[in-house]
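Please read it beside the sequence and the structure.

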Amino acid sequence: MAIRPFDLIHKSLRKPVVVTMKNGSVFTGKIVSYDENLNLYLSGAREDEEGGRDFKSLVLKGGNIVSISPVE
C-alpha cells in the first residue's frame, strides 16, 4: 500500500519539523494540527534567519509551503 502525503503529515503531529515557504522563509516548530488545504498550525515556532522571531503559535498557509521536513 502506498503512503499518502497526509499520512506522513499525520505521523509528524507533535513532532518538530522544518517548513520552507515559497518566499524563502524557513520556520521550525511542532505541528499541532493541519487541514485538507495543508494549512499548518505550529507551536513553539521560530523563524530561522538572522534576527528571526519566536512565536508561541503560528499558522502557515498551505498554498505557500514548499516543503515540510522532520527535525532529526
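Strand 3 (residues 40–47) and strand 4 (residues 54–60) run antiparallel and are joined by six bridges. The model is a predicted one: local features need pLDDT of at least 70 and side-chain atom pairs count only at pLDDT 80 or more, while totals for chains, interfaces and linings use all residues. Residues are numbered from 1 along each chain as its sequence is written, and side-chain values use heavy atoms, with hydrogens and water left out.

- Strands are DSSP runs of E with at least two residues, helices are DSSP runs of H or I with at least four residues, and both are numbered from the N terminus.
- Two strands count as paired if DSSP finds at least two bridges between them.
- Leucine 40 has leucine 60 of strand 4 opposite.
- The hairpin of strand 3 and strand 4 has six residues between the strands, and glycine 51 takes a positive phi near 75° there.

**Salt bridges**

- The structure holds two salt bridges, each defined as a side-chain nitrogen of Lys or Arg within 4 Å of a carboxyl oxygen of Asp or Glu.
- Side chains of opposite charge can pair when their charged atoms come close.
- Aspartate 54 is exposed at 58% relative accessible area, and arginine 46 is partly exposed at 34% relative accessibility; buried means under 20% relative accessible area, exposed over 50%, and partly exposed in between, with a 1.4 Å probe and protein chains only.
- Glutamate 47 and arginine 53 form a salt bridge in which the closest N and O atoms are 3.2 Å apart.
- Glutamate 47 belongs to strand 3 and counts as buried because its relative accessibility is 8%.
- Not counting residues up to four places away in sequence, glutamate 47 touches Ser25, Val26, Phe27, Gly52, Arg53 and Phe55, where contact means heavy atoms within 4.5 Å.

**Largest pocket**

- The largest pocket has a volume of about 200 Å³.
- Its lining has 13 residues, and those closest to the centre are Pro5, Leu8, Ile9, Ser12 and Ile68.
- A pocket is found on a 1 Å grid over the protein atoms alone, as an open set of points where a 1.4 Å probe fits, with protein on both sides within 12 Å along at least five of seven lines; lining residues have an atom within 4 Å of a point.
- Grid points are joined across faces, edges and corners, and the volume is the space filled by probe spheres set on the points.
- Helix 1 (5–11) and strand 5 (65–70) each supply at least two residues of the lining, with strand 5 giving the most, six residues.
- The lining has nine nonpolar, three polar and one charged residues; Ala, Val, Leu, Ile, Met, Phe, Trp, Tyr, Cys and Pro count as nonpolar, Asp, Glu, Lys and Arg as charged, and the others, Gly among them, as polar.

- Isoleucine 9 lies in helix 1 and is buried, at 9% relative accessibility.
- Beyond four places in sequence, isoleucine 9 touches Tyr34, Leu38 and Ile68.
- Isoleucine 9 and glycine 52 are 43 residues apart in sequence, and their C-alpha atoms are 25 Å apart.
- Valine 66 is in strand 5 and is exposed, at 55% relative accessibility.
- Valine 66 is in contact with Thr20, Met21 and Lys22, leaving aside neighbours within four places in sequence.
- Valine 66 and aspartate 35 are 31 residues apart in sequence and 16 Å apart from C-alpha to C-alpha.
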